[in-house]
Amino acid sequence: MIDTVTSRHSGSQWQLMWAKFRHHKLALASLGVLGVFYSIALLAPFLAPYDSWRASRFAFAPPNRIHMFHQGHLMRPFVYGIKMTSDARTFDRSITPDTSEVWPVRFFVRGDPYVWLWMVHSNLHLFGVDSGGQINLLGTDILGRDCLSRDIVSTQISVTVGMVGVFITFVLGCLIGGASGYYGGVVDNAVQRFMEFVTCLPTIPMWMALGAAIPAQWSNLKVYFTITVILALRSWTGLSRQVRSKLLQLREEDYVIAAKVAGASDWRIILTHLLPGFASYLIVSLTLEIPRMILGETTLSFFGLGLRPPTVSWGVLLQDAQNLAAISVYPWLMFPAILVVVCVLAFNFLGDGLRDAADPYKE
Amino acid sequence: MARSGAAAVPLLRYVAKRLLWAAVVLVLVSFFAFLVIQLPPGDFLDSYVETLRRSGMSVDSATLVALRHAYGLDRPMVVQYWSWFSRFLQGDMGVSLLYVKKVNVLIMERLPWTLLVTTSSMVLMYVISIPIGIYAARRQYSLGDFAASLVAFTGMATPGFLLALVLMWLGYLIFGVSIGGLQSPQFIDQPWSWAAVKDLLWHLPVPLFVVAIAGMANLIRTMRGTLLDELGKQYVTVARAKGLEEGVLIRRYPVRAALNPIISSGGWLLAELFSGETVAGIVLGLPTLGPLMYRALLAEDMYLAASCVMIMSILTVIGFLVSDIVLAFTDPRIRLS
């Protein structure tokens, strides 16, 4: 009798969560999508066919198409060369495929050198064409740089901004929320009022005001970390509110009092009894905080108050698509927008799935 | 009569307490705004001298010292803060170097438009998302619920500037004209007429939609979630068992309870709306406060930027106050605790 009951409900807390999470198909798929995003970020220089800063003479070249048939013959996948023509009457330049040149797409080609993870020097790229030809599956930008390479490399910055920011959020939220819930009284009251104040500052204007104050001569790395700190300055309030309310609620639980009576130390109570009780909630709220940071970074950079070239992030790339003329004539410049939406959606679905899985009272 | 008088006392006490806190929060906000002024390297005079230099004039160092003294820039930070804040309270917000105008004049020009855009997008948000939230909760896991969630999530995931850009692009494709701004050029600075009002109504939908959508997603999900919780409670079952008609039942009890979190999020929503208004305003070229602040920040016109931050925060604080007071009216638990 006892066995049949426990078999349905046995397993550690995390095993049970995983079992529940697996039923949430959308969240599971989102986890896969995010896996792809982070793999792209990790392998970016290898996956990108070119160096993201390598300029070419073909500015705003439209995306190459991959063909299989050349003059009626089946061939291995290839792209045509491109040529620049100018209209004799209007002098309008246009870039068109040059069907006399055939460049087969090759895998594991040697190309632009790069340093992977600050250590490994290499020039191996997943795919490319022989030198002399050019493959721009997502077209080129104003300086003739390969958009696909830039989109891939920018993924590195954009998806990690959220991670670093969330780490800062986590530390701030736990410390402040923990102090608020643990000490209570005056400290709690002061922290609550301070949080009210932070919530009263409209997020984007506040970010903009702080972003604008970053000195122009700062290094890329310094700007990057400052931006993550600025983003975290707003998001810790949500987490600290949760830590506080959970702490206040769990402190009164019978099992905590029992542990106290049994002579357990404060640390033991916090680590073995309290933390497992709300670790899952922390993970959920952190997961939902990451997409907000990604959106925040994108918005700030888009308006020129966040990351700046030569750093490439999705927001920096979208600066090129700032006016209507650019979007209507060179729609491929908008591609990073799709990356933003897909990535943020995936994080939101994942967070939703995790929330359902973490709630032990939800069947 | 006597009973309502007795009930009013805790309510009054509650309102007084909230007012006091609002004042404290405003002082904190003023610290932040002053920080915005102080953050960029150099002070007001440095940028002023730079502006003069660009236009070919020069200032000798003796004049500079005299000016710095006259403006009080050589005094301690606390004194500077106090002189700035006390003048701000009296409506003197300094001078904008960018526009060569008084800051309060610039802000007053744009405040009505800001209020128009934020309040009407707030109304739009409630009018659209509350019914959708109710529908989604009553028909959980139906096609409509799924569609609502999809729209809500996508709205949440799309950066506002992107939506504004895409809508502008679509408007450009379909109508062949730019739909930016709130008025056509021929109506700007003209006295109001029917044609001007019609023109304004024609321009409003896109900005309102862009501003509203981000918060809309959240509202729909909150409404759906809390209503689902309420619908599972026993009083609903009891009311159904007693034969109360479903529509009346839903409207009279669970919806009212589920509206409370929506009301309490009103102030927070206003802060979100200012964020949305800033982003939409910059992309769509609206005559609101957000773009003014943006341009001021880019030009390091710090008094203007700080005043914009200050005004937006004050409006948000007022929003929080109003939503707290409304909540105290609708939810007796708040005013009694």
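In the predicted model, A:Trp118 is placed in the loop that links S4 to strand S5 (120-128) of chain A. Although A:Trp118 is not a glycine, its phi is positive, at about 65°. A:Trp118 counts as exposed because it has 5 C-beta neighbours inside 10 Å, and the cut-off for an exposed residue is 12 or fewer.

A second residue of chain A with a positive phi is A:Gln71, where the angle is near 50° and the residue is again other than glycine. A:Gln71 belongs to the loop between strand S1 (67-70) and strand S2 (73-86) of chain A. With 7 C-beta neighbours inside 10 Å, A:Gln71 is likewise classed as exposed.

Strand S4 (residues 106-116) of chain A contains A:Phe108. A:Phe108 has 10 other C-beta atoms within 10 Å and is therefore exposed. Leaving aside residues up to four places away in sequence, A:Phe108 touches A:Leu124 and A:Leu126. A:Leu172 stands 64 residues from A:Phe108 along the chain, and the C-alpha atoms of the two are separated by 45 Å.

A further backbone feature is found at A:Pro309 and A:Pro310, which are joined by a cis peptide bond with omega near 5°. A:Pro310 is located in the loop between helix H9 (266-302) and helix H10 (314-318) of chain A.

Taken as a whole, chain A has 12 helices and 5 strands. The radius of gyration of chain A is 26 Å, whereas the globule rule gives 21 Å for 363 residues; the value is well over that of the rule, so chain A is more spread out than a compact globule. The C-alpha trace of chain A spans about 90 × 55 × 40 Å along its principal axes. Buried residues make up 37% of the 363 residues of chain A. Of the contacts in chain A between residues at least 6 apart in sequence, 70% are between residues at least 24 apart.

The contact between the chains involves 31 residues from chain A and 40 residues from chain B. On the side of chain B that touches chain A, two or more residues each come from helix H1 (2-38), helix H6 (143-157), helix H7 (160-175), helix H13 (266-284), helix H14 (289-298) and helix H15 (302-330) of chain B. By residue class, this side of chain B comprises 33 nonpolar and 7 polar residues, with no charged residue.

Key: Residues are numbered from 1 along each chain as its sequence is written. Chains are lettered from A and ligands numbered from 1 in the order in which they are written. This is a predicted model: local features need pLDDT of at least 70, side-chain atom pairs count only at pLDDT 80 or more; totals for chains, interfaces and linings use all residues. Two residues are in contact if their C-beta atoms, placed from the backbone, lie within 7 Å. Helices (H or I, at least four residues) and strands (E, at least two) are DSSP runs, numbered from the N terminus. Ala, Val, Leu, Ile, Met, Phe, Trp, Tyr, Cys and Pro count as nonpolar, Asp, Glu, Lys and Arg as charged, and the others, Gly among them, as polar. The radius of gyration is taken over C-alpha atoms; the globule rule is 2.2 Å times the number of residues to the power 0.38. A residue is buried if 20 or more other C-beta atoms lie within 10 Å of its own, exposed if 12 or fewer, and partly exposed in between; C-beta atoms are placed from the backbone.
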